[in-house]
Amino acid sequence: MKHTKIFTLLAGVFLLTTAACNKKADFIFKGGMLPVTIKGYNGGSEDLEVKVDTFKFKYNLNSGNFNQSEAYTFPDNQHTVKLTISGKETGKIILEKELKKDEGPAVISFFYMNGQVMNMPQKQPKEDGKIKISYLFTPTLTHYSEPVDIVLGKYYFTPKVFEEITRIKNVKPNEFSETVTLSTFSTTGQQYNGQNTAVLFKAYIYKAGTNEYYTQGTVYSWHPTSSSAPTPAASSPSSTIYIFSESETGNSIRFNKNLEL
């Protein structure tokens, strides 16, 4: 998945090596073959190359999310090997990790953005009747650098009113926000001041501590229905982590959903 180039971001990496069942581990040990899986997200503009010793993965880790597996065969009497992830063009080392033959299949969850690594936040479990959301906001056009409030609410077509439900406060650009929880709700058969109306689930972005769009003072205007951070379905329980960035239609701000977990 390709996406808009991302500036000055934080990124993430967490490593998890899992042991297989005894039968599979015996096969790997006796045969000397080690399955290696790399999955995660590359938020940089450079493709990344994966090597296990001198063995190179068939495909590079392109910008966007990825999930690749290869198998490395240990030479006789070798029990450890070094995995390296580096920039294809620059050769910059992004990650090095020692893999051990007797630990079985290796699964490496790798989250990377703009030359930096950090822990990927754990997605909270789903809960009946609840919507849980966390965001990473990437201001690729405005380069807005101050904290924002991401405000979740209902947009009533009649009389064209946005009603706040809750907000995630002081979200720093290019950093994962805390997780906010709100109740599911129906978007059909709704009324506002006694009038029947359609309802949309929207996420507006204000300057921190205000009800003023963060785009105020820029060349970009805010559209009440099209300018919204990504949101899940309002009527279904969910737990979601979004990474989103800016785009535009004319001078109206829009947002791209770069990743949904």
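**A guided look at the model**

Guide: K160 counts as exposed, because its relative accessibility is 62% and exposed means over 50% relative accessible area, buried under 20% and partly exposed in between, with a 1.4 Å probe and protein chains only. This is a predicted model in which local features need pLDDT of at least 70 and side-chain atom pairs count only at pLDDT 80 or more, while totals for chains, interfaces and linings use all residues. Residues are numbered from 1 along each chain as its sequence is written, and side-chain values use heavy atoms, leaving out hydrogens and water.

Visitor: Where is K160, and what is its phi?
Guide: K160 sits in the loop between β11 and β12. Those strands are DSSP runs (E, at least two residues; helices are H or I, at least four), numbered from the N terminus. The phi of K160 is near 60°, a positive value in a residue other than glycine. Most residues other than glycine have a negative phi, and most peptide bonds are trans.

Visitor: Which peptide bond is cis?
Guide: The one that joins T158 and P159, with omega at about 20°. P159 belongs to the loop between β11 and β12.

Visitor: Why is N174 called buried?
Guide: N174 has a relative accessible area of 10%, so N174 counts as buried. N174 lies in the loop between β12 and β13, and its phi is near 70°, a positive value in a residue other than glycine.

Visitor: What makes Y41 and F111 a stacked pair?
Guide: Rings of Phe, Tyr and Trp (its six-membered ring) pair if their centres lie within 6.5 Å; planes under 30 degrees apart count as stacked, over 60 as edge-to-face and the rest as tilted. By this rule the model has 22 aromatic pairs. Y41 and F111 are 5.4 Å apart, centre to centre, with 20° between the planes, and this makes the pair stacked. Y41 is in strand β2 (residues 33-42) and F111 in strand β8 (residues 106-113), so the pair ties together parts that are 70 residues apart in sequence. Both Y41 and F111 are buried.

Visitor: What is the largest nonpolar core?
Guide: A nonpolar core is a set of buried Ala, Val, Leu, Ile, Met, Phe, Trp, Tyr and Cys residues joined through side-chain atoms within 4.5 Å. The largest has 33 residues, and Y135 and Y214 have the most contacts inside it. Strands that each supply at least two residues of this core include β10 (130-138), β12 (161-171) and β17 (238-249). A second, separate core has 21 residues, including V50, I85, L95 and Y112.

Visitor: How do you know that I38 is buried?
Guide: I38 has a relative accessible area of 0%, so I38 is buried. I38 is part of strand β2. Leaving out residues up to four places away in sequence, I38 touches V50, F66 and I108, among others, where contact means heavy atoms within 4.5 Å. The C-alpha atoms of I38 and F66 are 7.6 Å apart, although 28 residues separate the two along the chain.

Visitor: Why does D149 count as buried?
Guide: D149 has 2% relative accessibility, so D149 counts as buried. D149 is in strand β11 (residues 148-156). A polar atom of the D149 side chain lies 2.9 Å from the backbone nitrogen of N170, and a polar atom of that side chain also lies 2.9 Å from the backbone nitrogen of G209.

Methods. A polar contact is a pair of N or O atoms within 3.5 Å; within protein, one must be able to donate a hydrogen and the other to accept it, and residues adjacent in sequence count only if both atoms are side-chain atoms.
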